[in-house]
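Please keep the view open while reading the points that come after it.

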Amino acid sequence: MAAHDFMDYDITDATNPMGMDGCIDFNHSANAGLSDIWCDDCDLTAIYNAGYASSMSRADFWVASANAVILITSNDELDLKDTFAFGRVTAETCVDSATRLPEDSSCNFVEDVFLNRMDMTWTNAVALLGAHTLGRGSINFSGHDGIWVDTIEESIVFDKRYYEEIFRRAWVPRNLDDNGVPQDFTWGNRNGPGGNGSPRFMLNTDLCLAFDIDTTRSPDNAVFPCCTRNDLIGNNGNQCENRVDGFDTTGLTNHTCNPYLPDDPRIEAANAVNIFSDPRTRRDGSQGFSNDNTAFFEAFREAWGIATTNGLSGLQPLTQTCDTFPPSATPTAAPQLPTSSPSSSAPSFSPSKGPSRSPVKSPTNAPSNQPTTAEPTTDFPSVSPSHGPSKSPSTQPVTAHPTSASPTSSPTFVTSSPTASCIDAVPLFTDSRGRNRDCGWVVDNNRCNRFAHHCRLSCGECDCLLDNRVCEADGDCCSNICLLGQCSCLRGRESCTSNEQCCSGNCGDGECRRA
């Protein structure tokens with residue numbers, strides 16, 4: 001529900017940008033099913049009215065509730081508390097907000113919503129779509145039936161399995177011959193009659209993150225209909241050839257979905273899927289995946305922080321104590337800076353008291369990452385551990401980005417003087433879409449994650465750039481790893497020489513280990 005709220009943000013609409021404002025058009029088909037979560041008789045609404053309505057806005061509550069669900073379903077591994085800031089103003093009307101949501105037919109809609117309107121990167125978009133690892137599609141709401149992962153048990157665990165599934169299976173189109181049901185992808189064997197009643201599926205907007213399937217956009221490379229893997233053999237032969245839900249996929253063995261070309265702008269999305277899935281070669285030479293969610297979790301934390309604060313000012317970070325005066329009433333006009341912090345008498349949000357409709361506990365054991373079929377071989381590059389010693393920044397960024405504190409209304413610039421190696425772009429630089437920006441805008445809008453290389457002084461990254469920053473060479477990055485133009489890090493069991501090189505921040509005995 002929070003995602004359907006923040007995905008209507010449009011940075012190009014100065015009059016009504018919308019965003020995370022606690023307002024959804026529940027009557028629109030794009031939001032079908034959400035009225036079962038938020039309604040007069042719904043459990044989540046009752047929790048809000050009983051304990052939180054007097055102390056926090058509905059918009060703040062929706063973000064806090066989503067954070068709680070992620071914490072619970074990730075087995076307490078992903079705590080988004082440090083991305084949360086309060087002070088959002090609830091909008092009572094949001095006309096046409098649903099028309100800004102992405103459709104499910106191609107990555108053109110992902111690009112339009114996440115990159116063009118929400119001002120995010122492909123990596124941010126891929127991270128947010130990883131939330132599809134939770135829950136299921138309903139034929140009664142979206143028209144898409146099934147789960148994105150392998151089992152019902154896995155569909156209530158928040159982890160990187162969604163990305164693994166993109167590579168594990170021989171995905172083929174279904175419903176191509178039925179105009180009454182939206183087209184998507186599925187994989188053979190257990191999806192048809194006699195299965196367990198929960199077909200696995202991927203939307204076009206899922207698979208287009210890794211495969212070029214939009215023939216109208218790149219007719220020379222894209223293939224559709226296609227099968228993502230032609231090397232998997234099941235009980236009924238090649239899995240590209242199975243008859244799926246009435247659609248004959250005979251011949252798709254010879255129509256394999258192509259990866260993006262190296263110079264395609266969407267290669268950033270494909271690389272992100274590969275990094276988040278974290279493929280590993282087993283001792284027997286077969287392809288598998290690690291159990292390390294670090295790369296995905298850190299990228300999701302960053303993207304979530306941006307998405308839930310886009311376009312907002314006057315937000316205040318959480319405090320660790322509640323011993324001052326109570327806050328003023330939730331504002332109804334433009335956001336204002338609260339004059340005090342919450343008091344001990346005001347209810348505080350606790351992830352352990354999340355909505356009762358959410359799972360009461362997460363599985364005691366994370367789902368097995370062992371595939372039921374042969375594993376794919378990908379052509380995406382992997383991080384090489386053969387880099388020199390890393391270094392740490394001399395100063396921490398002075399503004400909040402999603403991996404640290406939340407943004408305040410008046411970000412402070414560092415006071416150190418520029419040097420030959422540490423200056424801001426003067427007076428302007430141009431972003432990827434040709435718009436003039438300055439470092440004041442970068443700081444005010446919490447965009448150091450994208451533009452720290454232009455604003456090293458203002459972002460407090462004079463000595464080196466933090467993880468996920470744009471880079472040109474290894475030496476630009478604190479990790480000393482610049483991969484495909486982005487500062488990267490090493491994951492579990494990769495060779496390391498310092499803590500800064502590891503995504504977990506823990507290098508022990510020459511290998512990256514869990515934090």
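This is a predicted model: local features need pLDDT of at least 70, side-chain atom pairs count only at pLDDT 80 or more; totals for chains, interfaces and linings use all residues.

Residues are numbered from 1 along each chain as its sequence is written, and side-chain values use heavy atoms, with hydrogens and water left out.

**Nonpolar cores**

- The largest nonpolar core holds 77 residues, of which Phe-114, Met-118, Leu-128, Ile-166, Phe-276, Phe-300 and Trp-304 touch the most other members. A nonpolar core is a set of buried Ala, Val, Leu, Ile, Met, Phe, Trp, Tyr and Cys residues joined through side-chain atoms within 4.5 Å; buried means under 20% relative accessible area, with a 1.4 Å probe and protein chains only.
- Elements giving two or more residues to this core include α1 (2-6), α4 (107-117), α5 (122-129), α8 (267-277) and α9 (294-307). Helices here are DSSP runs of H or I with at least four residues, strands are runs of E with at least two, and both are numbered from the N terminus.
- The largest share of this core comes from α9, with nine residues.
- Leu-128 touches Phe-6, Phe-114, Met-120, Phe-300, Ala-303, Trp-304 and Ala-307, residues up to four places away in sequence not being counted. Contact means heavy atoms within 4.5 Å.

**Helix α4**

- Buried residues in α4 are Cys-107, Val-110, Val-113, Phe-114, Leu-115 and Arg-117.
- The cover over the buried residues of α4 includes α5 and α7 (204-207).
- At the start of α4, a side-chain oxygen of Ser-106 comes to within 3.1 Å of the backbone nitrogen of Asn-108.

**Arg-456**

- Arg-456 is located in the loop between α11 (448-451) and β15 (482-483).
- Although buried, Arg-456 has no salt bridge, and Asp-476, the nearest side chain of opposite charge, is 4.4 Å away. A salt bridge requires a side-chain nitrogen of Lys or Arg within 4 Å of a carboxyl oxygen of Asp or Glu; Lys and Arg count as positive and Asp and Glu as negative, while His and the chain ends are not counted.
- A polar atom of the Arg-456 side chain lies 3.3 Å from the backbone oxygen of Cys-462.
- Beyond its neighbours within four places in sequence, Arg-456 is in contact with residues including Cys-422, Asp-424, Glu-461, Asp-463 and Leu-465.

**Disulfides**

- The structure holds twelve disulfides, each a pair of cysteine sulfur atoms within 2.5 Å.
- Cys-227 and Cys-240 are joined with an S to S distance of 2.0 Å, and the link is left-handed, with -75 degrees about the S-S bond. Cys-227 counts as buried because its relative accessibility is 0%, and Cys-240 likewise counts as buried at 0%.
- The sulfur atoms of Cys-439 and Cys-455 are 2.1 Å apart; the torsion about their S-S bond is about -90 degrees, so this disulfide is left-handed. Cys-439 is buried at 6% relative accessibility, and Cys-455 is buried at 0%.
- Cys-496 and Cys-507 form a disulfide with sulfur atoms 2.0 Å apart, right-handed with 95 degrees about the S-S bond. Cys-496 lies in the loop between β16 (486-487) and β17 (507-508) and Cys-507 in strand β17, so the pair ties together parts eleven residues apart in sequence.

Note on methods
Buried means under 20% relative accessible area, exposed over 50%, partly exposed in between (1.4 Å probe, protein chains only). A polar contact is a pair of N or O atoms within 3.5 Å; within protein, one must be able to donate a hydrogen and the other to accept it, and residues adjacent in sequence count only if both atoms are side-chain atoms.
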